[in-house]
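Colleague: I am new to this structure. Could you walk me through it, one question at a time?

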Number of protein chains: 2
Amino acid sequence: MAIQRALPADGDQPDRWEAQLRKGAVEMAALASLWQGRLYGLEIIRFLESQSQLALAEGTIYPILNRLKAEGMLTSEWVEAEAGHPRKYYSLTDAGRQRLRQMAEAWTSFSRGLSHLLESVLQQQEKIQ
Amino acid sequence: MAIQRALPADGDQPDRWEAQLRKGAVEMAALASLWQGRLYGLEIIRFLESQSQLALAEGTIYPILNRLKAEGMLTSEWVEAEAGHPRKYYSLTDAGRQRLRQMAEAWTSFSRGLSHLLESVLQQQEKIQ
DNA sequence: GCACTATACATAGTTATACGAGGTATGAAG
DNA sequence: CTTCATACCTCGTATAACTATGTATAGTGC
């Protein structure tokens with residue numbers, strides 16, 4: 001985990017979010033995939049791949065899901081499948097929804113800043129041979 | 001089992017830009033800061049901070065600059081300052097410019113995918129309270 | 001001309017992240 | 001009962017970013 005250090009209970013610095021975003025965009029994507037309803041592990045991977053070209057490995061997603069669950073951002077429940085094997089479905093908690101909103105805002109701001117930087121670069125695209 | 005990339009059709013991507021971008025957005029930002037002309041180390045930090053709210057430490061930027069120089073993405077030259085001390089100015093090479101364009105495109109795609117994911121989340125903003 | 005300060009460049013060491021490669025468990029099919 | 005397919009899980013590793021610190025140069029006060 002990372003987000004807490006020796007910080008006081010509610011002393012979350014907005015500065016930390018930025019730093020976290022640069023790294024934890026994947027964590028945000030995982031939360032976002034659950035926005036419209038519960039999904040199970042492999043389903044999250046497929047969802048993100050189809051919706052955002054974000055290809056995550058199993059070794060990436062499961063640790064993240066466990067971390068998020070430990071932080072109270074989501075819950076899980078085993079569900080028996082008719083044909084197959086039990087699946088662990090994850091759902092957002094209220095805390096998870098709230099955090100996702102904050103991350104989404106911070107991400108948007110961060111992304112906008114970078115896009116601004118890249119404007120000149122991309123404008124030149126038309127001139128490129 | 002679990003051979004995730006058993007796709008022969010996919011071929012090999014030039015690089016795993018997506019994966020790199022999630023981490024190396026900072027590297028891209030460093031290249032981007034030099035698009036309009038040469039800057040020296042501390043100047044890059046100040047530029048990024050003012051232009052994109054991206055706050056980088058010296059310990060972050062110098063290793064990146066050295067790495068990029070070693071890869072031929074930029075050149076450096078010492079310049080004597082009237083009042084002060086020599087500064088090491090960095091400039092993009094043609095290779096650096098080309099790479100930055102590729103990264104900018106990949107970033108745009110990646111960013112767009114994530115924004116798409118976050119659409120539903122952000123749309124709910126108005127309903128909150 | 002010697003400390004003191006400010007600016008600028010540099011790097012060693014720590015931490016955290018994403019991932020690859022393997023392992024476990026369940027049920028279905030042969 | 002062996003094999004296959006799906007799904008979950010975890011350890012070890014490479015790498016990236018950051019913290020803290022060190023070095024070098026030059027101007028300022030005495």
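Colleague: At what angle do helix H2 and helix H3 of chain A pack?
Modeller: The model is predicted. Two packed helices are described by the angle between their axes and the distance between the axes. Here H2 covers residues 41-52 of chain A and H3 covers residues 58-70. Their axes lie 10 Å apart, and the angle is about 120°.

Colleague: Which residues of H3(A) make the contact, and how many of each class are in the contact of H2(A) with H3(A)?
Modeller: H2(A) brings Gly41(A), Leu42(A), Ile44(A) and Ile45(A). From H3(A) come Glu58(A), Ile61(A), Tyr62(A) and Leu65(A). By class, the residues in this contact are six nonpolar, one polar and one charged.

Colleague: What pattern does chain A follow along the sequence?
Modeller: Chain A has four helices and three strands. Read along the sequence, they give α-β-α-α-β-β-α.

Colleague: What share of the residues in chain A is buried?
Modeller: Chain A has 129 residues. Its accessible surface comes to about 7,400 Å², with 46% belonging to carbon and sulfur atoms. The buried share of the residues is 40%.

Colleague: Now chain B. Is Thr93(B) buried or exposed?
Modeller: Thr93(B) sits in the loop between strand E3 (87-92) and helix H4 (94-123) of chain B. Its relative accessibility is 16%. Buried means under 20%, so Thr93(B) counts as buried.

Colleague: Which residue has its backbone oxygen 3.0 Å from a polar side-chain atom of Thr93(B)?
Modeller: Leaving out residues up to four places away in sequence, Thr93(B) touches Gly72(B), Met73(B), Leu74(B) and Thr75(B). The backbone oxygen at 3.0 Å belongs to Met73(B).

Conventions
Residues numbered from 1 in each chain as written. Chains lettered and ligands numbered in written order. Predicted model: local features only at pLDDT ≥ 70, side-chain atom pairs only at ≥ 80, totals over all residues. Heavy atoms only, no water. Helix = DSSP H or I, 4+ residues; strand = E, 2+ residues; numbered from the N terminus. Buried < 20%, exposed > 50% of the residue type's maximum accessible area, 1.4 Å probe, protein only. Polar contact = N/O pair within 3.5 Å; in protein donor to acceptor, adjacent residues only side chain to side chain. Contact = heavy atoms within 4.5 Å. Axes fitted to C-alpha atoms, helices over the stretch in contact; angles between N-to-C directions. Nonpolar A, V, L, I, M, F, W, Y, C, P; charged D, E, K, R; others polar. Areas by Shrake-Rupley, 256 points an atom, 1.4 Å probe, with all protein chains shown as cover.
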